[in-house]
Amino acid sequence: SAKSKETGIIFVGQITDSHNLYSFPMILPLTENIIELRITLDKSNPPISRLIRVRNTMSFFELHHVIQIAFGWHNSHLFEFNYDTYTIGLPNPEMEGSVVTIDSRDILLGGLLTAPKERFTYLYDFGDSWLHILEVKKILPIDNAVYPLCVGGENACPPEDSGGIGGFYEKIAILKEKKHPEYKETKTWMGKFNIDRWNRGAVNKELARLDKYIENWMGEQRPF
């Protein structure tokens, strides 16, 4: 890694594992700015999305937690980002195959995301496979606001472990048919879920304590 004299930002240009050296393009964020991202749950209709603003000095690891908070996930499963040909996440030597996972803690957003319309993906829960599509909407100048910040969004996040986007919509369809043999069981499982309800104020309240949120997450016994 190296250090920018202009900003003091740590950035990484090469990743080394026990066998190979992997180089990837890193653009040093000489000027700090704000990245506006639209994050949409793939194949959701109507769209389940969030519009967030983050500093370009944030790491992909921190962005993972921002997405968890913004959507309302429980942060209890594996995750990975895919940008171009790169897989970014939390490397696990026991699971490494032909794909090398670059440590999400080593890469800043501003090292890869530099212009509007750039797109990449975030996958949460390798079982249910909740795929999120992320697009850079704007690059904004730095200001005095508190970041990260959720500035918009549509619809509530599906309940955790509901079978992926297909399983989720199957449950929604069942709830529309009171005579369906699985109606009662599904209604009990889904609880008070209402796709129209999500609370941006509550999201931003949690985002304001992101460091504490991550600290608590790191201190818990994770299932992976």
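Predicted model: local features only at pLDDT ≥ 70, side-chain atom pairs only at ≥ 80, totals over all residues.
- Eight strands make up an open sheet with mixed pairing, and their order is S9-S8-S7-S10-S11-S5-S6-S12.
- At the edges stand S9 (101-103) and S12 (149-154); each has a single partner strand, so one side of each lacks a neighbour in the sheet.
- From one strand to the next, the twist averages 30°.
- S12 pairs with S6 (residues 49-55) in the antiparallel sense, over five bridges.

**Strand S7 and its partners**
- S7 covers residues 79-83 and is mostly covered, with four of its five residues buried.
- S7 runs antiparallel to S10 (residues 119-124), and four bridges join the two. Here Phe 79 stands opposite Tyr 124 in S10.
- S7 also pairs with S8 (residues 86-89), again antiparallel and over four bridges. In this pairing, Glu 80 has Gly 89 of S8 as its bridge partner.
- S7 and S8 form a hairpin with two residues between them, and Asp 84 in the turn has a positive phi of about 55°.

**Helix H1**
- H1 (residues 60-71) has twelve residues and reaches 16 Å from its first C-alpha to its last, close to the 16 Å expected.
- Eleven of those twelve residues are buried, so H1 is largely enclosed by the rest of the structure.
- Among the buried residues are Phe 60, His 64, His 65, Gln 68 and Phe 71.
- After H1 comes Gly 72, which has a positive phi near 100°.

How values were computed
Residues numbered from 1 in each chain as written. Heavy atoms only, no water. Expected span 1.5 Å × (residues − 1). Buried < 20%, exposed > 50% of the residue type's maximum accessible area, 1.4 Å probe, protein only. Pairing = 2+ DSSP bridges. Axes fitted to C-alpha atoms, helices over the stretch in contact; angles between N-to-C directions.
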